[in-house]
Amino acid sequence: MTSTNRTVEGRDVKSAYARWAPIYEFIATPTVPARKIAARRVNAIGGRFLEAGVGSGSALPLYDDNVSLVGVDLSHDMLKIARERVDNGLKNVEAILEMDLMSLAFPDASFDGVVCMFTITAVPDASRVMAEFARVVKPGGIVMIASHFEAKAGPWQVTDRILTPFSKRLGWNPSMSIDGVLDTPGLTLEKREELPPVGLITLLSFRRTA
């Protein structure tokens, strides 16, 4: 059963990340190795990618020139930092846009792939977001999701339980089940990887098959 304190709405995200923006990259340091791995996977594919939940743009410098990027996020404050990064010479970034992941303003089959890092747990309806990712990716394209999902055992399970009542203030749900992203029509899970720190981050790679 999903309790009300786990529901994160758009206004919660905007409010939380207005606070987090100045220090986000410091507090997100444990996610850096996972971001590098996800970016390497994207670089190996190449093409036009949507980074959904681009935030402050900390991953943007990790992409090679064979990757053309559009970054979107709901947080105006985080996007200001991302745009400064792009202005400093990231020529493979087409645009940084303020946008709701549940209603992407792109035509069908606009991208060769979507990469979404540490954002799927910060949306009110993950299944709706996944459906949008499937829609905007070309047939045969890739959707990659990197995130922490609800731990079923171990020390992270305790951490999840402690943090979950503060979901609205945090701007994400520490106890979101992975089940909400695994069953999306048109997307087939090809690979599931556990990334460092071990037990904290999972990378899911889907293929658009329909």
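**Salt bridges, burial and an aromatic pair**

Seven salt bridges turn up in a search of the whole structure. The model is predicted: local features need pLDDT of at least 70, side-chain atom pairs count only at pLDDT 80 or more, and totals for chains, interfaces and linings use all residues. Residues are numbered from 1 along each chain as its sequence is written, and side-chain values use heavy atoms, with hydrogens and water left out.

User: What makes Arg135 and Asp108 a salt bridge?

Analyst: The term needs a side-chain nitrogen of Lys or Arg within 4 Å of a carboxyl oxygen of Asp or Glu. The closest N and O atoms of Arg135 and Asp108 are 2.9 Å apart, so the pair meets the definition. Arg135 sits in helix H5 and Asp108 in the loop between E3 and E4, 27 residues apart. Helices (H or I, at least four residues) and strands (E, at least two) are DSSP runs, numbered from the N terminus.

User: Why is Asp108 called exposed?

Analyst: Its relative accessible area is 54%. Exposed means over 50%, buried under 20%, partly exposed in between (1.4 Å probe, protein chains only). Arg135, at 22%, is therefore partly exposed.

User: Why is Phe118 called buried?

Analyst: Phe118 has a relative accessible area of 15%, so it is buried. Phe118 lies in the loop between E4 and helix H5 (126–136).

User: How do you know that Phe106 and Phe111 are edge-to-face?

Analyst: Rings of Phe, Tyr and Trp (its six-membered ring) pair if their centres lie within 6.5 Å; planes under 30 degrees apart count as stacked, over 60 as edge-to-face, the rest as tilted. The count comes to one aromatic pair. Phe106 and Phe111 lie 5.0 Å centre to centre, with 85° between the planes, hence edge-to-face.
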